[in-house]
Amino acid sequence: MQTEFSEKLYLDTEELSSIPEKAEKMFEHQISNWKLAVGGYQSLSSVEIKKFEFSNFTIEAHFNPGRIISSSAKVDAKSINERPCFLCSKNLPAEQKAVNAFDDYILLVNPFPIFDKHFTIPTLSHTPQLIKPEITSMLTLSSLLGKGYSVFYNGPKCGASAPDHIHFQAGNFGFMMIDHDYAELSKSNSKIVFEDRELKTSFVTGCLRNFIAIESNNISKIVSEFKRIYSSLQNARSDEEPMMNIICSYDGSWRLLIFPRIKHRPTYFFEEGDKKILISPAAVDMGGVLIFPREEDFEKITNELIVDVFKQVTFSDDDFHYLAEKMMMGEKG
Ligand SMILES: [Zn+2]
């Protein structure tokens with residue numbers, strides 16, 4: 001699809017062979033030439049951080065005012081239908097540049113960053129945000145970006161602000177608490193529900209947000225294991241995508257962390273006045289970095305609030321154990 005338009009969109013990176021090098025070149029270009037991105041990345045240095053230490057994991061709270069648009073985004077069908085899609089190439093700002101990532105996916109610099117390096121990875125075509133047909137793409141993107149990045153997915157009702165256009169995001173690995181806390185959690189807090197020579201699936205608990213981890217270097221085995229989990233999560237009476245956030249990393253082999261969700265936003269989000277706390281949990285929050293775009297909310301954070309936010313939007317221990325049982329039964333049958 002080399003049209004006159006796309007020539008303007010793509011940054012010339014022909015001399016570079018790897019995706020991380022191309023990403024780096026584009027990042028440098030955008031933070032020097034695109035005013036919105038310049039401001040966005042400059043403002044990262046004034047993000048305030050509070051650290052909350054739990055038994056064997058850490059949660060950080062970030063006061064990041066640049067995230068107000070995303071956190072308060074209206075994602076109901078009517079609002080989505082009435083706005084131009086901001087991920088469609090024809091609607092991108094004139095200053096925005098892209099590089100081809102893989103297949104139909106392009107890499108864009110996110111001008112409202114959470115990470116020191118934050119990319120949005122949409123397709124050229126306008127197709128709904130659904131993970132099942134795209135899980136292989138997610139794993140491939142993660143291996144192409146390599147060990148310097150985490151690639152993540154927000155379900156259409158779990159933090160994606162463009163539920164009508166398939167996209168992933170990527171940020172520098174090591175930024176989310178889970179990137180490093182996982183090693184300890186997988187030793188002390190996990191139950192293996194499947195393991196063979198090539199793949200291990202475990203259920204991780206005791207860290208406020210129960211999640212499933214698949215570790216393997218065989219992409220097709222991960223895809224079929226993911227589909228098995230997807231079916232276990234799916235409501236028998238509905239063909240809607242089960243609510244989830246996913247964080248993927250690659251270091252010679254893949255680590256896919258799946259956070260099943262039961263709710264989009266906690267009650268605090270919908271309160272008025274003093275009681276309101278604007279927090280809209282997505283993959284980064286599941287990764288242990290809670291984003292607060294308003295200072296008045298950031299001031300109010302306590303351990304108890306953090307515990308309650310996760311409790312409201314993720315699987316309870318009982319439901320999670322039930323899911324583990326269901327998967328193990330499925331294995332035997
Ligand atoms: Zn679109």
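Predicted model: local features only at pLDDT ≥ 70, side-chain atom pairs only at ≥ 80, totals over all residues.
Ground rules first: residues are numbered from 1 along each chain as its sequence is written, and side-chain values use heavy atoms, with hydrogens and water left out. Local features need pLDDT of at least 70 and side-chain atom pairs count only at pLDDT 80 or more, while totals for chains, interfaces and linings use all residues.

**Exercise 1.** Find which residues touch the most other members of the largest nonpolar core.

*Solution.* Start with the term: a nonpolar core is a set of buried Ala, Val, Leu, Ile, Met, Phe, Trp, Tyr and Cys residues joined through side-chain atoms within 4.5 Å. Buried is under 20% relative accessible area, exposed is over 50%, and partly exposed is in between (1.4 Å probe, protein chains only). The largest core has 50 residues, and Phe119, Ile131, Met138, Phe168, Phe226 and Leu256 touch the most other members. Helix H8 (residues 219–233) gives the most to this core, six residues; helices here are DSSP runs (H or I, at least four residues), numbered from the N terminus. Now zoom in on Phe226: skipping residues up to four places away in sequence, its partners are Ile131, Ile135, Ile214, Met244, Ile246, Leu256 and Ile258. There's also a second, separate core of 39 residues, with Ile114, Ile178, Tyr268 and Val289 among them.

**Exercise 2.** Work out how helix H6 packs against H8.

*Solution.* Take the axes as lines fitted to C-alpha atoms over the stretch in contact, with angles from 0 to 180 degrees between N-to-C directions. For H6 (residues 135–145) and H8, the axes come within 10 Å and cross at roughly 135°. So H6 is oblique to H8, given that under 35 degrees is roughly parallel, over 145 roughly antiparallel, 65 to 115 roughly perpendicular and the rest oblique. Next, list the contact (heavy atoms within 4.5 Å): H6 brings Ile135, Thr136, Leu139 and Thr140, and H8 brings Ile219, Ile222, Val223 and Phe226.

**Exercise 3.** Decide whether Ser142 is buried or exposed.

*Solution.* Ser142 sits in helix H6. Its relative accessibility is 0%, so Ser142 counts as buried. Leaving out neighbours within four places in sequence, Ser142 contacts Val151, Cys248, Ser249, Tyr250 and Trp254.

How values were computed:
Helix = DSSP H or I, 4+ residues; strand = E, 2+ residues; numbered from the N terminus.
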